[in-house]
Amino acid sequence: MRLVGLTGGIASGKSTVSGLFKSAGVPVVDADIVARNVVQKGTGGWKKIVKTFGNNILLENGEIDRALLGQIVFSDPAKRKLLNRLLAPHISFGIFWEILKLWVKGCTVISVDIPLLFETKMDRWTNPVVVVWVDPKTQIERLMLRDGCSEEQAQNRISSQLALDWKKSEADIVINNSGLLEDTKEQFREVLKQVSAPLTWKERMRSRDGFLSIVMCTAAGVLLARKNLA
């Protein structure tokens with residue numbers, strides 16, 4: 001099984017590339033969706049957030065006010081780190097659970113869309129790592145347009161994340177999303193060829209079919225040995 005790590009920065013266009021993977025038939029495990037699920041009302045993540053940030057963080061229906069929580073943690077690095085530490089175990093488990101379900105289905109190539117791929121050290125479990133990069137000026141402009149925030153607010157949110165240029169330097173594959181969508185799609189087509197290449201023998205062994213082959217061969221070997229000893 002091949003796990004393709006997909007990451008980027010805020011307003012870099014990672015979600016666009018994630019959508020391209022889905023359109024190409026590559027299953028995607030989306031960490032943002034997992035993160036939303038682990039803070040739903042009554043979950044362990046929800047309880048930790050309420051205990052830490054108080055009932056004022058809740059909407060009338062009891063769900064987490066994600067917009068308010070975002071404002072709090074983006075303006076306070078210490079609280080942002082605290083939130084990440086609280087939710088990291090729940091999100092990691094959720095991601096691996098989604099991967100396991102796809103493994104059981106026999107999927108051999110899975111894209112894992114994780115904004116904090118490097119920060120959570122989950123890049124160690126993926127190969128290759130694809131980083132969606134965008135130039136700083138375009139990133140600020142897109143974030144301001146998307147969220148209706150000021151340039152200062154956009155810059156503060158970008159600065160609160162690991163530098164996109166550093167992520168770019170650590171990537172196996174870089175998609176430059178600074179231009180037109182068609183340019184991104186053209187780069188993606190080349191990426192798709194790379195990640196769809198035949199699996200290495202190690203990747204085959206990690207796949208469901210590879211695992212079953214090992215089990216069957218081992219079982220056959222044990223039965224044969226018992227027969228010879230009888």
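## Basis and overall layout

Contact here means heavy atoms within 4.5 Å. By that criterion, residues 24 or more positions apart account for 70% of the contacts in the chain with a separation of 6 or more. This is a predicted model, in which local features need pLDDT of at least 70 and side-chain atom pairs count only at pLDDT 80 or more, while totals for chains, interfaces and linings use all residues. Residues are numbered from 1 along each chain as its sequence is written, and side-chain values use heavy atoms, with hydrogens and water left out.

The chain has 11 helices and 5 strands, taken as DSSP runs (helices H or I, at least four residues; strands E, at least two) and numbered from the N terminus. The C-alpha trace spans about 80 × 45 × 25 Å along its principal axes. Of the 230 residues, 39% count as buried (under 20% relative accessible area, with exposed over 50% and partly exposed in between; 1.4 Å probe, protein chains only).

## Packing of α3 and α5

Helix α3 (residues 44-53) packs with helix α5 (residues 77-104) at an angle of about 155°, and their axes are 9 Å apart. That makes α3 roughly antiparallel to α5, a label used for angles over 145 degrees. Axes are lines fitted to C-alpha atoms, for helices over the stretch in contact, with angles running from 0 to 180 degrees between N-to-C directions.

On the α3 side the contact involves G44, G45, K48, I49, T52 and F53; on the α5 side, K79, L82, L83, L86, L87 and H90. By class, the contact of α3 with α5 has 6 nonpolar, 4 polar and 2 charged residues.

## Nonpolar cores

A nonpolar core is a set of buried Ala, Val, Leu, Ile, Met, Phe, Trp, Tyr and Cys residues joined through side-chain atoms within 4.5 Å. The largest has 37 residues, and those with the most contacts inside it are I49, F53, I64, L69, I95, I99 and I110. Its largest share, 8 residues, comes from α5. Apart from this core lies another, of 16 residues, among them L6, V17, L20 and V191.

## V112 and I95

V112 lies in strand β3 and is buried, with a relative accessible area of 2%. Leaving aside neighbours within four places in sequence, V112 is in contact with L3, V4, G5, L6, V29, I95 and I99. I95, not counting residues up to four places away in sequence, touches V29, A31, V34, V112, I114 and M122.

How values were computed:
Angles under 35 degrees count as roughly parallel, over 145 as roughly antiparallel, 65 to 115 as roughly perpendicular and the rest as oblique. Ala, Val, Leu, Ile, Met, Phe, Trp, Tyr, Cys and Pro count as nonpolar, Asp, Glu, Lys and Arg as charged, and the others, Gly among them, as polar.
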